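Here are my notes on the model you sent over. Have it open as you read.

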Amino acid sequence: MRRCVFTDDVYRRVPGDAFADIYVEWERSAPIERVWSPATGTVAATYDHWRQGDHEREGMLLAIGPGIRPGHRRGSFESIDIGATFAAAVGVPLPDADGRPIGSVLPDGIDAGGGRGRALRRAQAGLEHAMRRRAERRVPRWAERRDPARNRLRHDLTERADQADTELAALKGKVGELERQSKIATMSAWLPHAEASEELLISVVVPTRDRRELLAEAIESVQAQTYPRWELLVVDDGSTDDTPDFLSGIEDPRVHTLRTEGVGVCAARNAGLDAAGGDLIAYLDDDNRFDPQWLKAVVLTFIALPERSVCYGARVFDDEGRVLDGASSGRPGIQFVEWDPEAIRDHNFVDMNVLAHRRSAVRFDEALSHLGDWDLLLRLVPDAKPVEVPAIAVYYRTDVAGRMSTTLPSEELDREYDHVRRKLADAALS
């Protein structure tokens with residue numbers, strides 16, 4: 001689906017109205033063969049048919065009958081005008097209807113108000129005569145012939161054509177994905193040799209709690225950056241293991257530590273943002289590792305594009321199966337999604353660890369425990385498109401437990417989705 005719209009978010013409902021509670025707009029760029037939800041997980045099926053209940057925004061009206069002038073009509077009309085046009089064509093005015101007759105489609109001699117006259121009676125007589133002849137007409141001879149072999153061949157050819165269309169659409173999607181990955185390979189080869197001015201300071205915010213060993217690897221990945229002008233703000237949100245002792249022993253002056261007491265991941269990140277002094281902001285979870293070239297790629301992007309404020313890159317995850325299907329495959333995968341302004345309003349497909357932006361007053365919504373990154377991104381890019389940087393930002397782990405942003409019960413997750421969508425709707429209305 002391209003997006004789902006809750007009627008309550010965009011329309012003032014009244015008891016007993018005829019609206020559905022939710023409207024779905026299909027994504028038409030490729031066949032849908034895999035769907036995911038936080039409650040059910042991933043469901044995969046082969047796409048071999050059309051979708052019922054599918055509606056297009058645009059259509060075409062074809063009209064033929066006695067007195068209707070042939071030829072193309074310019075202009076566009078609402079679907080509610082069609083019923084009013086039918087009524088006017090047979091002389092029935094509908095003054096209280098929502099639609100209005102389409103004058104250019106009406107038979108000659110009939111006005112848009114449905115007025116009667118000689119021309120109307122002549123048109124009605126012609127219409128009745130045509131309909132009577134059609135009702136009395138026998139089935140054409142060609143339709144009486146029965147040729148099972150020909151019908152079977154036609155059916156087989158239709159199925160093959162449908163299958164070919166499906167395979168072509170899937171192939172186009174795969175080619176597009178390969179093209180994006182080829183750009184990552186090109187930039188990865190170039191970044192070690194690129195020279196980046198050190199005019200911009202990057203603040204990296206890392207919240208953590210009770211994950212001393214993983215945190216050490218995350219910090220090392222920041223210290224290994226080829227771009228040296230960074231500061232790391234580690235926010236220890238109430239650790240009870242030896243994380244505080246470990247942090248106090250770090251001698252790198254670029255590493256700063258803060259302490260909060262179980263305030264949650266969004267509030268912990270806000271504490272890091274409040275203490276940050278950088279021109280640019282990047283984020284890293286304590287169980288992941290930056291690619292050594294990531295901060296350089298971020299700096300090069302914002303120096304080259306001074307008018308842009310948000311960018312994101314690619315991530316390599318340790319197990320493709322766990323990410324896509326929920327079952328381990330033992331093989332790594334790469335993800336570099338194409339920006340979709342409609343899809344981002346329904347769900348977040350940009351991981352926090354691949355996001356970077358210029359210094360901003362926007363902060364995380366501390367009422368959220370799971371969707372804070374999505375809410376932040378929606379407010380960072382209300383209208384503009386972020387820059388897609390074809391570089392590996394992070395190496396992402398799926399095999400660890402105890403994340404600060406854990407999987408919520410479905411009812412709690414639904415509450416957070418409603419909260420973010422309500423804010424989005426309010427922002428659109430304002």
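1. Is Asp318 buried or exposed, or partly exposed? Partly exposed, at a relative accessible area of 27%; buried means under 20%, exposed over 50%, and partly exposed is in between (1.4 Å probe, protein chains only). Its salt-bridge partner is Arg322, with the closest N and O atoms 3.9 Å apart. Arg322 is partly exposed too, at 32%.

2. Some ground rules: this is a predicted model, where local features need pLDDT of at least 70 and side-chain atom pairs count only at pLDDT 80 or more, while totals for chains, interfaces and linings use all residues. Residues are numbered from 1 along each chain as its sequence is written, and side-chain values use heavy atoms, with hydrogens and water left out.

3. Salt bridges next. The cut-off is a side-chain nitrogen of Lys or Arg within 4 Å of a carboxyl oxygen of Asp or Glu, and the count comes to 26. Side chains of opposite charge can pair when their charged atoms come close.

4. One of these pairs joins Arg259 to Glu261 at 2.9 Å, N to O. Arg259 is partly exposed at 42% relative accessibility, and Glu261 is exposed at 57%.

5. Have a look at Glu416 and Arg415, whose side chains meet in a salt bridge at 3.8 Å. Glu416 is buried at 1% relative accessibility, whereas Arg415 is partly exposed at 38%. Elsewhere, shared partners link Asp8, Arg13, Asp17 and Asp21 into one salt-bridge network.

6. Finally, Tyr11 sits in the loop between helix H1 (7–10) and strand S2 (22–25); helices (H or I, at least four residues) and strands (E, at least two) are DSSP runs, numbered from the N terminus. Tyr11 is partly exposed, at 44%.
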